[in-house]
Amino acid sequence: MEHVEHLLGAYHDGELPERTRGHVEAHLEACPRCRDELSHLEALSRTLAAYAVPDLEGRVQQFRAQVTLRLARRRPTGSTASGWWYLVPLALSCALVGLLALFTLPDLLRVAWALLEWFGVEPGALLELRIGVQLSREAVAVLRSVGTLAWVAALYAVLLVLFGSYVGWVSVLWRTKAQPHSGKER
Amino acid sequence: MESLAPRPDHELIAASLGGDRSAFGALVLRYRKLVLSVAYRICGDRALADDVAQETFVRVWEKLDIFRPEGNWRGWICRIASNLTVDALRRQNPSVDIAQLSLAALGGQPERRVLEAERAEAVRSAILRLPMHVRIALVLREYEELSYTEIAEALDIPLGTVKSRLSDARRRLGQELAPYMEE
């Protein structure tokens, strides 16, 4: 007779598939040794129940309050609210792009003016554009006196920030799609 | 009219993920016993278990976004609780073998003369003498009644390893607790 001691743990835990369980039960009917072994496992479980957690029922609300206190103002990571800081580099890059656009306004207006003339638009609109061009030229003349270095620096800053925001978004996508949802804490 | 039935876990988890602290508070109340039980039975120290249990819920709150809705919530919480308990024991006694750490907590216990108390102390002592990985598997099965699959997921180990750890734990405990067992 082949004993089933190696299966008794899983049998005791209700972890055997139905067919194997039937086989074990049939064996137990006929085998006092395996029955004793199962009784031993059951007795062990009853004995282990003696290891109770003291004061498990008490201080429930206090426990909850302490947890809430420890949460402080932290939010679950990856939630919508905590992801807003990723927008900062994007906002900065937009601001710098806007600044660059301001510097190049005279050129843009000149092109727009030429196009309007070509299409035969009203002189009033052309005058407004001329004033805009003049004001912008004066402003840019002052700024250009600082030197072309500022332009180059600004350009590189924009590129850097754009790259930073790109990396930020890629990391967000990676965190939310590639790695997560494993359900593993660490 | 609002239903009086308790909200299911998945609803509370989703609400917590959106920053709803009262929903998370409900989860804390619901799973407090489980977490405390896991922590205490691994470390054997009630005060430490309480601290670990609180930290477990803070960690759960912070990591809610990586929990997948179809995942095993109880197993995930047990995993965090057991990891944090081991970390806490290691912090208390960094130079001591992790399997022996909680034995220190056995010292200074008042003498217990009642038979039941003696038995409880013997069980506690025997469990705390188990190697840590075996102890955690036993606690999750014997006290928290997690299935083998849930334990395997919680501890990130194969199903066969769960079985062998449980078998090892029961063999050791069966020998140690023989004088206290009532067949």
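This note comments on chain B of a predicted model and on its contacts with chain A.

1. Conventions. Residues are numbered from 1 along each chain as its sequence is written, while chains are lettered from A and ligands numbered from 1 in the order in which they are written. As the model is predicted, local features need pLDDT of at least 70 and side-chain atom pairs count only at pLDDT 80 or more, whereas totals for chains, interfaces and linings use all residues.

2. Confidence. The mean pLDDT of chain B is 84, and 86% of its residues score at least 70; pLDDT is the predictor's confidence in each residue, from 0 to 100. For the complex, the predictor gives an ipTM of 0.77 and a pTM of 0.62.

3. A stretch to read with care. Over residues 101–113 of chain B, pLDDT stays under 50. The model has 21 contacts beyond four places in sequence for this stretch, two residues being in contact if their C-beta atoms, placed from the backbone, lie within 7 Å.

4. Fold of chain B. Chain B contains eight helices and zero strands (DSSP runs numbered from the N terminus: helices are H or I, at least four residues; strands are E, at least two). Among contacts in chain B with a separation of 6 or more, 64% join residues 24 or more positions apart.

5. Interface. In the model, 42 residues of chain A are in contact with 54 residues of chain B. On the side of chain A that touches chain B, α1 (5–12), α3 (32–48) and α4 (60–71) of chain A each supply at least two residues. The largest share, nine residues, comes from α3(A).
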